[in-house]
Amino acid sequence: MKKINFGAGPCILPQSVFELAAEAVIDFDQLGLSILEISHRSQAFIDVMEEARSLVLELMDLDVSTHTALFLHGGASQQFAMVPYNFLNKTAAYIDTGVWSQKAISEAKKVGRVETIASSKENGYKSVPTDIPIKGTYDYVHLTSNNTIYGTQFDAFPSFADIPVIADMSSDILSRPRTYTAFDLIYAGAQKNIGPAGTTLVVIKNDFLSHLNALDRFKFLDYSAHIKAESMLNTPTVFSIYTSLLNLRWIKQRGLAAIFSENQQKASLLYKTLDKTEWILPFAEPSSRSSMNVTFTIPDASHAALFDSYCKKYDLHGLKGHRLVGGYRASLYNALSLSSVKILTDVIDEVNTHV
Ligand SMILES: *Cc1c(COP(=O)(O)O)cnc(C)c1O
């Protein structure tokens, strides 16, 4: 029995993507070879890489003449280090919205000066800062667009004048149409909305490369080396990139506008249900609520136990909150349907008749 997966990552992908990926494991493109055994230098895989790199830009409404997409290793976590290692000269500005941005800050501090220009620490990361003062000059400002653990999200982005903007968009990339041109570098671990774990998407504005610092960098941690090698500096994560391509094709076929509209319906249905349910406490402040990760707690242990047992009965999986914050988290990534969210809200309503 296929479960409904609300897990935060690695996460649900469209069933058709799972099926096509499974086919390719047995026989890729009728080559008589598995995707797991073909050479990354074969024309078949070069075509996959090229299509994935250009399709991602197309979906972000970016032009290949102004932006470059890379599929790297190391997860978003490696980008926490690579961003400052490549672009921190004097001082970088960071916005602290919780665990992931703190990890980015702590890596950047190993490279140079960091100023945390805004933080929502004081209210326990229940919201994202809205009023962000920018005084002075910075090499870049770094923010996390969606806070996977706390369930908060920037709906609109603050303006930072002419300071380059770098964003960790791991958990909400390609979940909505967005003005991606406002960013100089975007990165995202694939395993939340793009594909399986293993590859990390990096999109760089070509002009921003003139801001590279003067370090003599390790080649593998150097964006320009990866760009020069067309994202094949060494063996790429072939299967992860191929499966990501399958998912990018699925996104294109459905259209980002249609996906966004369903994502909004999913989030609004769930938040509405949480708000009217007395034994549930939504975590994030309404103004900062994430459409991707919906966080809540059930303070009464007996209510929680009842809710857990109903989730089990209806095969709802992955609702446990992050180990650092506890509680519950329902992740509503692109591949999770409105009807799946409806099953969760029905479960909440059913538990409600028993409390
Ligand atoms: C999951 C996540 C990360 C970490 O990703 P890895 O690929 O596991 O390194 C970083 N930032 C955000 C916002 C995340 O959701």
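User: How is the protein divided into domains?
Analyst: The domain assignment gives domain 1 as 15-254 and domain 2 as 256-352. Keep in mind that the model is predicted.

User: How far apart are the C-alpha centres of domain 1 and domain 2?
Analyst: Those centres lie 27 Å apart.

User: And how many residues are in contact across the two?
Analyst: On the domain 1 side 26 residues are in contact, and they meet 25 residues of domain 2.

User: What area is buried between the domains?
Analyst: About 2,300 Å² is buried between domain 1 and domain 2, with carbon and sulfur atoms giving 56% of that area.

User: Which residues of domain 1 lose the most area to domain 2?
Analyst: They are K126, I149 and R254, which together make up 27% of what the domain 1 side buries.

User: How many salt bridges cross the interface?
Analyst: The rule finds 1 salt bridge between domain 1 and domain 2. As for R254, its side chain meets that of E262 in a salt bridge, at 2.8 Å from N to O.

User: How many residue pairs are in polar contact there?
Analyst: The count between domain 1 and domain 2 is 15 residue pairs, both residues at pLDDT 80 or more.

User: Which elements supply the domain 1 side?
Analyst: β7 (152-153) and α6 (238-254) each supply at least two residues of the side that touches domain 2. The largest share comes from α6, with 3 residues.

User: What is the split into nonpolar, polar and charged on that side?
Analyst: The side of domain 1 that touches domain 2 has 10 nonpolar, 11 polar and 5 charged residues.

User: Changing topic. How many aromatic pairs are in the whole structure?
Analyst: The search finds 15 aromatic pairs. In one of them, the ring centres of Y125 and Y150 are 5.1 Å apart and the planes are at 45 degrees, so that pair is tilted.

User: Where do Y125 and Y150 lie?
Analyst: Y125 is in the loop between β4 (113-119) and β5 (141-144), while Y150 is in the loop between β6 (146-147) and β7, so the pair ties together parts 25 residues apart in sequence.

User: Salt bridges again: how many in the whole structure?
Analyst: The search finds 12. Among them is the one where the side chains of R176 and D155 meet, at 3.0 Å from N to O. R176 sits in the loop between β8 (165-168) and β9 (185-189) and D155 in the loop between β7 and β8, so to speak of sequence, the pair links distant parts of the chain, 21 residues apart.

User: Last topic, the backbone. Which peptide bond is cis?
Analyst: The bond from G9 to P10 is cis, with omega near -5 degrees. P10 is in the loop between β1 (4-5) and α1 (15-26).

User: What is the phi of A161?
Analyst: A161 has a positive phi of about 50 degrees, although it is not a glycine. A161 is in the loop between β7 and β8. Most residues other than glycine have a negative phi, and most peptide bonds are trans.

Note on methods: Residues numbered from 1 in each chain as written. Predicted model: local features only at pLDDT ≥ 70, side-chain atom pairs only at ≥ 80, totals over all residues. Heavy atoms only, no water. Domains from an automatic or database assignment. Contact = heavy atoms within 4.5 Å. Buried area = accessible area lost by both parts, 1.4 Å probe. Salt bridge = Lys/Arg side-chain N within 4 Å of Asp/Glu carboxyl O. Polar contact = N/O pair within 3.5 Å; in protein donor to acceptor, adjacent residues only side chain to side chain. Helix = DSSP H or I, 4+ residues; strand = E, 2+ residues; numbered from the N terminus. Nonpolar A, V, L, I, M, F, W, Y, C, P; charged D, E, K, R; others polar. Phe/Tyr/Trp six-rings, centres within 6.5 Å; stacked < 30°, edge-to-face > 60°.
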